[in-house]
Amino acid sequence: MIFDKNTIEKNCEEFYSLYNITEDKVYDMCRLKLIHTRAVAENCLKIAKDMELNDYDTTLAWIIGELHDFARFGQAVVTHSLDDSEKFNHARLGARILFTHGLIEDIIPNYYEISEEDRLVMEKAVYHHSDFKLPDDLTSRERLFCDIIREADQLDIFRTIVESGWELIYDAGKDEIEASAISEEIEAAFYTRTLADYSKRKTPADFHLGHIALCFGLESPAARKRAVDQGYLEQMMDITFKEPSVQERYIKIKDSVHEYLGNS
């Protein structure tokens with residue numbers, strides 16, 4: 001099957017345009033997510049090409065990038081926030097909207113001409129893209145595309161936070177973050193070099209550091225180098241905590257990031 005990329009892009013744009021009627025902060029969040037979606041799709045394309053995947057698989061990776069945050073727009077409207085909670089998981093909801101309720105058929109022409117294997121690849125990549133840890137029962141092909149979308153997403157989150165401003169992302173400014181504490185559960189991620197468990201976040205600093213810890217999801221050397229070259233992660237880490245004991249712990253956190261990225 002040959003994907004009609006232009007039509008898929010046009011159909012996605014029609015969906016996004018539904019949110020142009022939003023106002024104020026909600027409009028800003030929807031606009032942020034539109035820019036993010038395009039950037040992630042492009043990252044998926046670049047990663048797939050770097051991996052020397054064939055044209056079909058490269059386009060499939062791009063499509064997953066276009067689809068991965070479909071539920072974010074409705075989340076902004078309903079909750080006035082882009083933060084997931086126990087009651088709202090944008091990845092799960094996006095997969096349900098697209099694949100259970102059938103919106104995907106309006107996005108991809110001749111969707112059912114795609115093999116059942118690759119329909120599942122798309123669904124699982126969207127469903128699991130924000131998981132703390134991928135499940136063990138994925139096929140090798142499912143895991144490949146889950147890894148691509150997760151790295152592409154994580155790379156652009158750094159840019160999104162820096163360019164959009166912390167107030168929009170966290171409902172907290174830099175001063176408030178620097179005045180807060182760091183929870184031990186979030187700090188531990190930097191010493192185990194794992195993603196932070198978002199359910200353990202308690203303070204404004206925890207939310208910010210949880211995003212910094214996304215660097216540990218960049219497993220490929222190319223993705224880690226790109227994170228360094230972009231410079232956004234370094235800008236995110238340019239904070240000084242007001243409490244000396246917290247700042248001392250934070251210096252060790254930064255060192256762990258630099259060591260992982262090969263930029264110590």
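**Exercise 1. Helix H3**

Work out why H3 is largely enclosed by the rest of the structure.

*Solution.* Count the buried residues: 11 of the 13 residues of H3 are buried, so the helix is largely enclosed by the rest of the structure. Note that this is a predicted model. Next, name some of them: Asp 57, Leu 60, Trp 62, Ile 63 and Glu 66 are among the buried residues of H3. Then check the length. H3 covers residues 55–67 and reaches 18 Å from its first C-alpha to its last, close to the 18 Å expected at 1.5 Å a residue. Finally, look at the start of the helix. There, a side-chain oxygen of Asn 54 comes to within 3.2 Å of the backbone nitrogen of Tyr 56.

**Exercise 2. Cysteines**

Find how many disulfides the structure holds, then examine Cys 12 and Cys 146.

*Solution.* The count is 0 disulfides. For Cys 12, the nearest cysteine sulfur belongs to Cys 44 and is 13 Å away. A disulfide needs two cysteine sulfur atoms within 2.5 Å. For Cys 146, the closest cysteine sulfur is also in Cys 44, at 11 Å, too far for a bond. Cys 12 is buried, with a relative accessible area of 1%. Cys 146 also counts as buried, at 1% relative accessibility.

**Exercise 3. The cavity**

Describe the largest cavity and its lining.

*Solution.* Start with the count: the structure holds 1 cavity of 30 Å³ or more. About 70 Å³ of space lies in the largest cavity. Its lining includes Tyr 16, Asn 20, Arg 31 and Phe 73. Sort the lining by class: 6 residues are nonpolar, 1 is polar and 1 is charged. Last, find the main contributor. Helix H2 (residues 24–50) gives the most to this lining, with 4 residues.

Methods
Residues are numbered from 1 along each chain as its sequence is written. This is a predicted model: local features need pLDDT of at least 70, side-chain atom pairs count only at pLDDT 80 or more; totals for chains, interfaces and linings use all residues. Side-chain values use heavy atoms; hydrogens and water are left out. Helices (H or I, at least four residues) and strands (E, at least two) are DSSP runs, numbered from the N terminus. The expected span of a helix is 1.5 Å times one less than its number of residues. Buried means under 20% relative accessible area, exposed over 50%, partly exposed in between (1.4 Å probe, protein chains only). A polar contact is a pair of N or O atoms within 3.5 Å; within protein, one must be able to donate a hydrogen and the other to accept it, and residues adjacent in sequence count only if both atoms are side-chain atoms. On a 1 Å grid over the protein atoms alone, a cavity is a set of points where a 1.4 Å probe fits but cannot get out, and a pocket is an open set with protein on both sides within 12 Å along at least five of seven lines; lining residues have an atom within 4 Å of a point. Grid points are joined across faces, edges and corners, and a volume is the space filled by probe spheres set on the points. Ala, Val, Leu, Ile, Met, Phe, Trp, Tyr, Cys and Pro count as nonpolar, Asp, Glu, Lys and Arg as charged, and the others, Gly among them, as polar.
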